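The sequence and the model are shown below.

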Amino acid sequence: MRRFEVLTVNAPDPGSEDNWSLLSSQIQEVEQSVQELRERYAYAQANQSQQAEIKQRSVELQAELDHLRRRLEELDFELESRLFSWRDLKEPFWQAVRFGGVGFVLGFLLKSCTG
């Protein structure tokens, strides 16, 4: 980082060319430093703008990711519910009712025969 020094300039002798050239070179240095400062300021502003855009995009992407996760959960639920539908369970259910009923009747008959 460049430091600026305070210049104290005495009124040069009108005939002293060295003082005028020194003053001119110091003014050029100050102008160059101001130009560098302007460039750094413009660079910082551009970076701040880009940072804000990236943050906004990050928020948007996070919202989209949350939406996609919810949709994926919904699809998982729909697929699981389709795997276990009443049609698929209807036949095993009636088989269990039928054989359970037959077992109950046989058990009742055996108990009545023995006792």
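Is Glu74 buried, partly exposed or exposed? Glu74 is partly exposed, with a relative accessible area of 42%; the class lies between buried (under 20% relative accessible area) and exposed (over 50%), with a 1.4 Å probe and protein chains only.

The model is predicted: local features need pLDDT of at least 70 and side-chain atom pairs pLDDT 80 or more, whereas totals for chains, interfaces and linings use all residues. Residues are numbered from 1 along each chain as its sequence is written, and side-chain values use heavy atoms, leaving out hydrogens and water.

**Overall architecture.** The chain has two helices and zero strands; both kinds of element are DSSP runs, numbered from the N terminus (helices: H or I, at least four residues; strands: E, at least two). Of the 115 residues in the chain, 4% are buried.

**Salt bridges.** Side chains of opposite charge can pair when their charged atoms come close. Two salt bridges are found in the whole structure, the criterion being a side-chain nitrogen of Lys or Arg within 4 Å of a carboxyl oxygen of Asp or Glu.

| Salt bridge | Distance, N to O |
|---|---|
| Glu60 and Arg57 | 3.6 Å |
| Glu74 and Arg71 | 3.1 Å |

Glu60 and Arg57 lie three residues apart in helix α1 (residues 17-83), so about one helical turn separates them. Glu60 is partly exposed at 39% relative accessibility, and Arg57 is partly exposed at 44%. Glu74 and Arg71 are likewise three residues apart in helix α1, separated by about one helical turn. Arg71 has 37% relative accessibility and counts as partly exposed.

**Nonpolar patch.** Val102, Phe104, Val105, Leu106 and Leu109 make a nonpolar surface patch of about 490 Å². Patch residues have over 30% relative accessible area and no salt bridge, and nonpolar side chains (Val, Leu, Ile, Met, Phe, Trp, Tyr) are joined within 5 Å, like charges within 9 Å. Phe104 belongs to helix α2 (residues 86-114) and is exposed, with a relative accessible area of 64%.

Methods
Areas by Shrake-Rupley, 256 points an atom, 1.4 Å probe, with all protein chains shown as cover.
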